[in-house]
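Biologist: I have a new model open on my screen and would like to learn how to read it. Could you take me through it feature by feature?

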Amino acid sequence: MKKTLLFLFIISMAMELTAQIGGLSASKLGSFSVGVVPDKHIEFEPGFSYHQSKYYWDDNSDLQNIYSTSDSTRYVSAMNFRFTLGLWDKLEIGVSISPNLAISNWGARFVISQNNTMGFAAIGGVNIPLGNRVMDKRLRTNDDIANAGLGGVFSYNFSENFSTDFTAHYMYFLDETVDNEKGAAYLNMDLGYFLFNRNFQLISGLAYRNSRNDLGGFSVLTLNSGFTVETGKNFILAINFPIDLYGKHETKNTGFSFALTILLD
């Protein structure tokens, strides 16, 4: 049983990087904003992430060692490329893809309502595994099955420099998984404050994920802390230092991520 749990922990940790709606632009760290890429413009974004873990939360949300020796640590790194096209100032469509073409994340966002203070948008997407691995069609893991989802985005500007974004969406698997997981719910909230003539934005936020399979409930709460740098006209740097705060049946990760967003006319 313990080996099965650890196997699923490792899979869930790897899927965390790719299981949400992808291919969409963002102005902060974990959540999407209402605004879309300008009409007939393209955003190109290379990014990479790095995570390490040596503990996991058990079914009582108590921390346990993943490995039998305390000096063992698991390291996970990933890279992806995003391409997002803006249409009609209210719609954007895009795709994120890994360098080894193992998975593609397709997404779309439509602005329902937006003014200088607040806005609402709808998002949807599908994540499609492409290959580059051996798959047992009788025992298909989460990595082997496409999932799709829908959700919403809310943005609010407290002032010219202080704003918040909130994203909620649900992803569901399009076929039966080996552990009978149906899907997962995601909640993300970021607060951002601009400094130095809006060239530098301090950001902090929370991300929550919840799912259930044959082994019970899985959940994790993550603190995202970082910043964006917007000193150039057509590019943005985003740096994040995520730390998992609390969970159940999940690994406790700490990490680092970097993304360079480039706007093409």
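Biologist: Let's begin with charged pairs. Which side chain meets Asp-165 in a salt bridge?

Modeller: The general idea is that side chains of opposite charge can pair when their charged atoms come close. Keep in mind that this is a predicted model. Here Asp-165 meets Lys-28, with 2.9 Å from N to O. Asp-165 sits in strand β8, while Lys-28 belongs to the loop between α1 (2–15) and β1 (42–57). The two are 137 residues apart, so this pair links distant parts of the chain.

Biologist: Are Asp-165 and Lys-28 buried or exposed?

Modeller: Both Asp-165 and Lys-28 are buried.

Biologist: How many salt bridges does the model have?

Modeller: The count comes to six. Another one is formed by Arg-82 and Glu-45, at 3.1 Å from N to O. Arg-82 lies in strand β3 (residues 74–87) and Glu-45 in strand β1, 37 residues apart, and this pair too links distant parts of the chain. Arg-82 and Glu-45 are both buried. Through shared partners, salt bridges join Glu-43, Glu-45 and Arg-82 into one network.

Biologist: And how should I read the pair of Asp-39 and Lys-40?

Modeller: Look at the distance, then at the accessibility of each partner. The closest N and O atoms of Asp-39 and Lys-40 are 3.1 Å apart. Asp-39 has a relative accessibility of 22%, so Asp-39 counts as partly exposed. Lys-40 reaches 62%, and therefore counts as exposed. The cut-offs behind those words are under 20% for buried and over 50% for exposed.

Biologist: How do I relate separation in sequence to separation in space?

Modeller: Compare the count along the chain with the distance between C-alpha atoms. Asp-143 and Thr-177 are 34 residues apart along the chain, and their C-alpha atoms are separated by 9.3 Å. For Ile-123 and Asp-265, the values are 142 residues in sequence and 24 Å in space, C-alpha to C-alpha.

Biologist: Now the strands. What should I look for there?

Modeller: Start with a general point: in a regular strand the side chains alternate between the two faces of the sheet. Then find the partners of each strand. Strand β4 (residues 91–97) runs antiparallel to β5, joined by seven bridges, and Leu-91 stands opposite Phe-110 in β5. The hairpin of β4 and β5 has five residues between the strands, and Leu-101 there takes a positive phi near 60°.

Biologist: How many bridges pair β5 with β6?

Modeller: Eleven, again in the antiparallel sense. Three residues lie between β5 and β6 in their hairpin. As a landmark, Asn-105 has Asn-127 in β6 as its bridge partner.

Biologist: What are the partners of β12?

Modeller: Strand β12 (residues 235–240) pairs with β11 (residues 216–229) over four antiparallel bridges, and a hairpin of five residues joins β11 to β12.

Biologist: Which residues form the nonpolar patch on the surface?

Modeller: Leu-101, Trp-106, Ile-128 and Leu-130 do, with about 380 Å² of accessible area together. Trp-106 lies in strand β5 (residues 103–114).

Biologist: Finally, how do I read a pocket?

Modeller: Check its volume, then its lining. The second largest pocket has a volume of about 830 Å³. Of its 38 lining residues, the closest to the centre are Ala-26, Ser-27, Ser-33, Gly-35 and Arg-198. The elements that give two or more residues to this lining are β6 (118–129), β7 (147–157), β8 (162–173), β12 and β14. The largest share, four residues, comes from β8.

Methods
Residues numbered from 1 in each chain as written. Predicted model: local features only at pLDDT ≥ 70, side-chain atom pairs only at ≥ 80, totals over all residues. Heavy atoms only, no water. Pairing = 2+ DSSP bridges. Patch = residues over 30% accessible without salt bridge, like charges linked within 9 Å, V, L, I, M, F, W, Y side chains within 5 Å. Areas by Shrake-Rupley, 256 points an atom, 1.4 Å probe, with all protein chains shown as cover. Salt bridge = Lys/Arg side-chain N within 4 Å of Asp/Glu carboxyl O. 1 Å grid on protein atoms, 1.4 Å probe; cavity = no way out; pocket = protein on both sides within 12 Å on 5 of 7 lines; lining within 4 Å. Points joined across faces, edges and corners; volume = space filled by probe spheres on them. Buried < 20%, exposed > 50% of the residue type's maximum accessible area, 1.4 Å probe, protein only.
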